[in-house]
Amino acid sequence: MKVLVPVKRVIDYNVKVRVKADGTGVDLANVKMSMNPFDEIAVEEAIRLREAGKAEEIVVVSIGVKQAQETLRTALAMGADRAILVEAAEDVYTDIEPLAVAKILKAIVDEEQPGLVLCGKQAIDNDLNATGQMLAALLGWGQATFASGVEIADDAALVTREVDGGLQVIRARLPAVITVDLRLNEPRYASLPNIMKAKKKPLDIKTPADYGVDVTPRLQVVKTAEPAERKAGVIVGSVDELLAKLKTEAGVL
């Protein structure tokens with residue numbers, strides 16, 4: 001079975017995000033970029049499936065700017081077999097919308113014919129949580145979202161999901177799209193030998209035109225602003241004082 005894993009280049013999760021002074025977007029100048037953490041978990045899960053004999057090949061795909069080659073090389077160093085970069089933007093501030101990404105991924109899936117698509121449940125830059133679901137709809141495949149456990153048995157995937165009431169296990173017939181959550185696994189670090197080997201692994205560069213997809217934005221960002229600072233807390237001397245403040249100041253009672 002071939003496994004396809006889409007990965008996205010995002011601001012590193014350890015970096016404090018800053019908004020531009022003019023409010024036109026997030027400041028990316030001299031900011032460390034890395035693979036979206038949820039996508040990293042998806043790559044790790046694909047590698048574990050191959051190690052368990054459930055998969056034969058892992059293909060990673062990124063859609064964005066040419067700098068995303070670094071992200072793909074990271075996935076190759078972790079253990080993916082080959083990569084595809086779709087250069088859909090020249091400006092690092094351009095974020096390709098989920099529907100356009102899903103359409104490109106559908107075209108790649110039609111071409112590659114994987115038995116499973118493993119996606120991160122969302123990207124930490126826009127938190128849209130939409131690409132995996134849109135891809136499943138375009139393909140007409142079954143989907144399982146927010147996976148915290150994945151087992152491949154015969155022609156189906158048994159996916160464990162965390163829900164409000166506990167754990168839910170669903171069976172998705174393959175081929176399917178699975179989006180993964182944080183608790184699925186702990187991604188491995190790439191060793192130096194594997195980093196060197198990754199430089200020689202195949203990385204194909206494509207464009208949206210190669211797949212007949214228009215990536216013209218349908219949405220316009222009007223303004224970007226930092227969230228309001230949280231006000232300092234107040235220490236009260238008694239329950240009566242607390243209730244009074246909740247009633248008169250907070251307005252929650």
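Me: In what sense do strand β7 and strand β8 pair, and over how many bridges?
Reply: Strand β7 (residues 142-153) and strand β8 (residues 156-163) pair in the antiparallel sense over six bridges, where strands are DSSP runs of E with at least two residues, numbered from the N terminus, and helices are runs of H or I with at least four; two strands pair if DSSP finds at least two bridges between them. This is a predicted model, in which local features need pLDDT of at least 70 and side-chain atom pairs count only at pLDDT 80 or more, while totals for chains, interfaces and linings use all residues. Residues are numbered from 1 along each chain as its sequence is written, and side-chain values use heavy atoms, with hydrogens and water left out.

Me: Which residue in β8 is the bridge partner of I152?
Reply: That partner is A157.

Me: And what order do the strands of the open sheet have?
Reply: The nine strands run β9-β8-β7-β10-β6-β1-β4-β5-β11, with mixed pairing. The edge strands, each pairing on one side only, are β9 (166-173) and β11 (203-206).

Me: OK, helices now: what does α1 touch?
Reply: Helix α1 (residues 37-51) packs on the sheet and touches β1 (2-6), β4 (57-64), β6 (116-120), β7 and β10 (176-180), contact meaning heavy atoms within 4.5 Å.

Me: New topic, how much of the chain is buried?
Reply: Of its 253 residues, 43% count as buried, that is, under 20% relative accessible area, with exposed over 50% and partly exposed in between (1.4 Å probe, protein chains only).

Definitions and conventions
Axes are lines fitted to C-alpha atoms, for helices over the stretch in contact, and angles run from 0 to 180 degrees between N-to-C directions.
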